[in-house]
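Please read this briefing alongside the sequence and the 3D view. It goes through a few topics in turn.

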Amino acid sequence: MSALVAELADIDLGDVRLNRRARRVLQRLGEKPMLSLPSACGGWGDTRAAYRLFDHAAVSAEAVLAPHYACTVERIREHPRVLCIEDTSELDYTGKSDIQGLGPLNYETRRGLYLHPTLAVTPDRLALGLLHAHTWVREPGSLAQPKDAARPIEEKESLRWIDGFARVNELAEQLPETRLTYLADREADIYELFVEAPCPDTGADWLVRGQHDRVLGKDAEGNPETLRQRLDQAPVLTETCFDQPGGNGRTARTVHQQIKAVRLKLPAPYRRDRKLAEIEITAILATELQPPPGEDPVEWLLLTNLPVTTPEQALEKISWYLCRWQIEIFFRILKSGCRIEELQLEKRERLEPALAFYMIIAWRVLLLTMLGRDCPEMPCDVVFDQAEWQAVYLVTQRKPPPETPPSLDQMVRMVAGLGGLLNRKRDGFPGPQTIWIGLQRAADFVLALEAQRTADGESCG
């Protein structure tokens, strides 16, 4: 069983035939993630089996992902600190009007659904797997309805962030040897998340990027004092540099930031349906000192329950926030690599199980990308089965594979070479795109060698 298919080793769909079919579908899609579903399955028989699987009443996204979630938890147990990164991405199926059950995106004319996963990542950016994922749609016509800020939080879309933290907090109590930290971007800057999902000693910590400049009270002259004003007046605690990748209108560059941090109490906002308690948090402000001409400075306001009194603690929280880019890469693999927005399935109930399979595939590509960087000397058979690494070695090195598996760094580079990496000194470590293309070609070589061995066996017989 390949390392990818092992994620579904304990799948339970209520029928051993369904379980077997699910593992086969994952193997097929993992071998050809960039192709259409029929092309990836390789024939009408397997394609029809995949469609029947997605259409079966017992096969939901939750049922498909459940064994992967369990594998993720076991991987988490091996680390003292794990970041649980939650985010949302829209999946656009506007040109596929035949898919039932979709809703509007940011405009009524754009149709699709939203994917909301939680990805477990170590502070060294090693992706351990998904902890939770669900999809949601907006009701048609809902964008035209006036927003009522006084509605209870339970009736708002933002409830998903509070639920996400609650799940991480619940898991933290089951993993006493591992400290979990919930990590999210500006949409999760919700007072109810901070106060209604408490962080006991056995629970999870949280680090959220802020988007609101809250009023803290009155200054000495009786004027309103805001959170940003308090931070502006704070002394610089330390400075840091990091490389920012390009994308979304940004140019890649080295960012130099100064960091300030204050511990303070947030006054509880008014809620019509309940009374919220005052909470104590740490606010961190990281500001780029000299952005290039024409570029906006990179500035983050981060909020956390953890104390930050030393430069080391401040730099640690910044490094954790930088790990949030891993879920952006995960979404990019799903969309650009697995091309999930090209799926042609007739209704949402079929689409969601298919998305679950591709999420497992995208996670494995992300894992290989970072594992080769962080653990280059690890033997490659930790994540590649024997047939995979031997086939890749034979094709790329043009000689029989050795008795001892090569290192993970060597294997990842060989796979990436199949995907177009030239492996020059200046090229650096391969990225997700060359790795997932290489994995597809590697799967072809495995099949070819198996066919050759079968033919040789028959001729000898």
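Predicted model: local features only at pLDDT ≥ 70, side-chain atom pairs only at ≥ 80, totals over all residues.

**Helix α1**

The buried residues of helix α1 are Leu18, Asn19, Ala22, Val25, Leu26, Leu29, Gly30 and Glu31.

- Helix α1 covers residues 16-31, which is 16 residues.
- From the first C-alpha of α1 to the last, the distance is 23 Å, close to the 22 Å expected at 1.5 Å a residue.
- Asp15 caps the N-terminal end of α1. A side-chain oxygen of Asp15 lies 2.7 Å from the backbone nitrogen of Arg17.

**Strand β6 and its partners**

- Strand β6 spans residues 179-184, and five of its six residues are buried, so the strand is largely enclosed by the rest of the structure.
- β6 pairs with strand β1 (residues 81-86) in the parallel sense, over six bridges.
- Within this pairing, Cys84 has Tyr182 of β6 as its bridge partner.
- β6 also pairs with strand β7 (residues 205-209), again in the parallel sense, over four bridges.
- Here Thr181 stands opposite Asp205 in β7.

**The largest nonpolar core**

- The largest nonpolar core has 143 residues, and the members that touch the most others are Leu180, Tyr182, Phe330 and Phe357.
- Helix α10 (residues 348-374) supplies the largest share of this core, 17 residues.
- Leaving aside residues up to four places away in sequence, Phe330 touches Pro117, Leu119, Leu130, Met359, Ala362, Trp363 and Leu366.

Conventions. Residues numbered from 1 in each chain as written. Heavy atoms only, no water. Core = buried A, V, L, I, M, F, W, Y, C linked by side-chain atoms within 4.5 Å. Buried < 20%, exposed > 50% of the residue type's maximum accessible area, 1.4 Å probe, protein only. Helix = DSSP H or I, 4+ residues; strand = E, 2+ residues; numbered from the N terminus. Contact = heavy atoms within 4.5 Å. Pairing = 2+ DSSP bridges. Expected span 1.5 Å × (residues − 1). Polar contact = N/O pair within 3.5 Å; in protein donor to acceptor, adjacent residues only side chain to side chain.
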